[in-house]
Amino acid sequence: MNDGKKASKIKFSYSSDDNDITAATSVSEEEEDSAMCDQTSADYYFDSYSHFGIHEEMLKDEVRTKTYQNVIYKNSFLLKDKIVLDVGAGTAILSLFCAKVGAKHVYAVECSQMADMAQEIVKANGFSNVITVLKGKIEEIELPVLQVDIIISEWMGYFLLYENMLNSVLYARDKWLVNNGLVLPDKAALYLTAIEDAEYKEDKIDFWNNVYGFDMSCIRKQSMIEPLVDSVDQKQIVTNCQLLKTMNISKMTMGDASFTAPFKLTAERDDYIHALVAYFDVSFTQCHKLTGFSTGPKSRVTHWKQTVLYLEDVLTICQGETITGSMTVAQNKKNPRDIDITVKYALSGRRCAVSRTQSYKMR
Ligand code: SAH
């Protein structure tokens, strides 16, 4: 999943092609629907998922969509004759994959206006008898069945947790999933590394210190607080990549998405460090062969890119020296879709000694 406001700012591109991906089946084109044409810019502002653009970007993210397709098509034994709940169905793509391999019934729940399109798409592809589209929030809809065998969802946001849709999946799991039922994907992990990024820090952050000769450094403070979603060149990575947090979607509670995790990043060469970089993996461990994808800087780029957190200090680090610290991630109290991140870090090196706490907000 993806946030519309950010998506419109971010240009989608692929950097490399190292994933083993098989061809996708095409969904036939749909006619224009009058309901969608009634949308105004105000509707889109508050509900970006009603616009097809964001779904186009997600569908064209082949790392994302083809991984789900492979999980379903190559593991049809998991889905055959099962009742599936698709949480946040969007265009119903995941529901269609499931129906195609013989799911008994699929409930496709979507809260945006895209639900109307999903309904038409299901019909146009001849799956009306297998897929029921339910328009509404998962927390508010009534499901015609008491239990489902499988919950599938693409809930991941920037920095894994932005938008907080994971809570909706956990809500659905606790309400409807049968004992020992399947959650797809069932594992997620957040990682941290550190990069050299002098050029971009200058361009994005220090720019505000002197704008055509004027001091706009009050905006610099804001630009430091907002993590930047962008793709990082793997050549910029200076340290190891450290696992921060793993999540078991089948078992975790909503509270587990707020945490403090320690980290220790060791420099692999002499360099300067300007930012920490966070990214995530997801995996489907119940597949015949472990399947998943990474959004890390060493993998093919996805629409999630990576999340860059600039540091106030430039760290002059020597090979073998370590940055130690911790990252605290919490849901914002006023707006639960936003995330507050606090990073404590310290380096006690031969050429640089720093210890600081910085706060960030994903919003
Ligand atoms: N499954 C689709 C769409 C993923 S994006 C695909 O893989 O392409 C996530 C979707 O979940 C968005 O369309 C959004 O509108 C929907 N959504 C988010 N929170 C929801 C909730 N609480 N109830 C129902 N739908 C939700």
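This is a predicted model: local features need pLDDT of at least 70, side-chain atom pairs count only at pLDDT 80 or more; totals for chains, interfaces and linings use all residues.

Student: How many cavities of 30 Å³ or more does a search of the whole structure find?

Tutor: Happy to start there. With the cut-off set at 30 Å³ or more, the search finds two.

Student: Which strand gives the most to the lining of the largest cavity?

Tutor: Let's look at the lining, which includes Val329, Ala330 and Gln331. Strand E13 covers residues 322-331, and it gives three residues to this lining. The strand you want is E13.

Student: And which element gives the most to the lining of the second largest cavity?

Tutor: Good one to compare by eye. Among the residues lining the second largest cavity are Ala278, Tyr279, Phe280, Gln306 and Thr307. Two elements give two or more residues here, strand E10 (271-284) and strand E12 (306-317). With three residues, the one that gives the most is E10.

Student: How many residues in the lining of the second largest cavity are charged?

Tutor: The lining divides into seven nonpolar and three polar residues, plus a charged part. Lys305 is in the lining, and it counts as charged. The number of charged residues is one.

Student: Which residue has its backbone oxygen 2.7 Å from a polar atom of the side chain of threonine 291?

Tutor: Threonine 291 lies in strand E11, residues 291-294. The backbone oxygen at 2.7 Å belongs to lysine 289.

How values were computed:
Residues are numbered from 1 along each chain as its sequence is written. Side-chain values use heavy atoms; hydrogens and water are left out. Helices (H or I, at least four residues) and strands (E, at least two) are DSSP runs, numbered from the N terminus. A polar contact is a pair of N or O atoms within 3.5 Å; within protein, one must be able to donate a hydrogen and the other to accept it, and residues adjacent in sequence count only if both atoms are side-chain atoms. On a 1 Å grid over the protein atoms alone, a cavity is a set of points where a 1.4 Å probe fits but cannot get out, and a pocket is an open set with protein on both sides within 12 Å along at least five of seven lines; lining residues have an atom within 4 Å of a point. Grid points are joined across faces, edges and corners, and a volume is the space filled by probe spheres set on the points.
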